[in-house]
Amino acid sequence: MGGGWVPTRGLYEETSLLMKTNPDASASRTGATSASSVLRSRLRRRDEITAWAFLAPGLIAFTVFVVVPALGAIVLSFFDWRLFDNPSFVGLKHLRKLFGDANMWKSLGVTVIFVLVGVIPTTLIGFLLAVVASSSLRGTAALRVLFFSPMVASSAITAVLWTNLYRVRDGFINQMLAQFGIEGPNWMTDPGIARPALIVVMIWSALPVVIILYIAAIQKVPEDIYAAASLDGAGRWRQLWSMTWPNVMSTTIVLLVLMFTTFLGAPLEFALLMTDGGPLGETTTLGLYAFKVAFERRDMGYASALALWQLVLVGTAFLAGRGITALWRKRR
């Protein structure tokens, strides 16, 4: 916007010249101030129009593909609709059924496990990798490319990639284990291993966002505190946990909330493509259960109620995260 302020600078020059030549300096100053305010208002309005013009395509897409379907799901949760039949109003039937559904509670428990087991490791691993990526070590540029590579892969590509890695006979992971005389398990069909294997995939997929945000936060930490710590005899690990970690705490809180919402909804794609919710429902999350109710049972009304329940959980987590962030900033 640098070019946009040139007329204002010209106005200031004209105002100064006017004050020197006009005997009524007070009136001239008042008129110049008024003209300057009008010009600033016009420039600000022009900037706002430009900003909205750039934001409009994204806002339109968000409205069409997120807001409208969400509102439709809320309305549909009060109807019985078998996809090809005419919908009929049933009121709170689906909401009452929701809390008495054992499958819903089981899928919610699976979702909670994904969140509890995945969020904190993703945040901590992302922090350590961000420290490495921010260092001046040789080969850091290549490491950054490696760390950020999962970001360019869609959920479908990631699922296909890891499914091939997890294959029992000719999968890369089992072949590597065979080199050490270890027989690899059935990663996707063993009830005790499928869920941890899926969590690993989700952590791998979520790490780039964590690393990027932590790198931005680490670069804002003043170098003076590291120099002072070095003079006091603090080693690198001491500096990491006593200097770097406290200074990126605000970013950590934001990432915890972001990863919470990610792990609350992301298992749908990976579980659907890699395990189809199996074995024995061990990877059937709340989102996947709603998907199956909608497209296997064709019960769109109850599936909408499940989706609405998940939206309530995500919204609650978001508001709780905002509250925790505000409380932490106030105490700081």
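The legends below accompany close-up views of a predicted model.

View A. When its neighbours within four places in sequence are left aside, the residues in contact with threonine 275 are Met188, Phe270 and Thr283.

**View B. The covered helix 13.** Eight of the 10 residues in helix 13 are buried, and the helix is therefore described as mostly covered. The buried residues begin with Leu286, Gly287, Leu288, Tyr289 and Ala290, and they also include Lys292, Val293 and Ala294. Among the elements that cover these buried residues are helix 4, which spans residues 102-134, helix 12, and helix 14, which spans residues 300-331.

**View C. A nonpolar surface patch to which helix 2 gives the largest share.** The patch has an area of about 830 Å² and is made by Ile60, Phe62, Val64, Phe65, Val66, Val67, Leu71, Ile74 and Leu311. Helix 2, residues 25-76, supplies eight of the patch residues.

**View D. Phenylalanine 62, a member of the nonpolar patch.** Phenylalanine 62 is found in helix 2, the element from which the largest share of the patch comes. Its relative accessible area is 47%, and phenylalanine 62 is partly exposed, because this value lies between the 20% limit for buried residues and the 50% limit for exposed ones.

Notes. Residues numbered from 1 in each chain as written. Predicted model: local features only at pLDDT ≥ 70, side-chain atom pairs only at ≥ 80, totals over all residues. Heavy atoms only, no water. Contact = heavy atoms within 4.5 Å. Buried < 20%, exposed > 50% of the residue type's maximum accessible area, 1.4 Å probe, protein only. Helix = DSSP H or I, 4+ residues; strand = E, 2+ residues; numbered from the N terminus. Patch = residues over 30% accessible without salt bridge, like charges linked within 9 Å, V, L, I, M, F, W, Y side chains within 5 Å. Areas by Shrake-Rupley, 256 points an atom, 1.4 Å probe, with all protein chains shown as cover. Salt bridge = Lys/Arg side-chain N within 4 Å of Asp/Glu carboxyl O.
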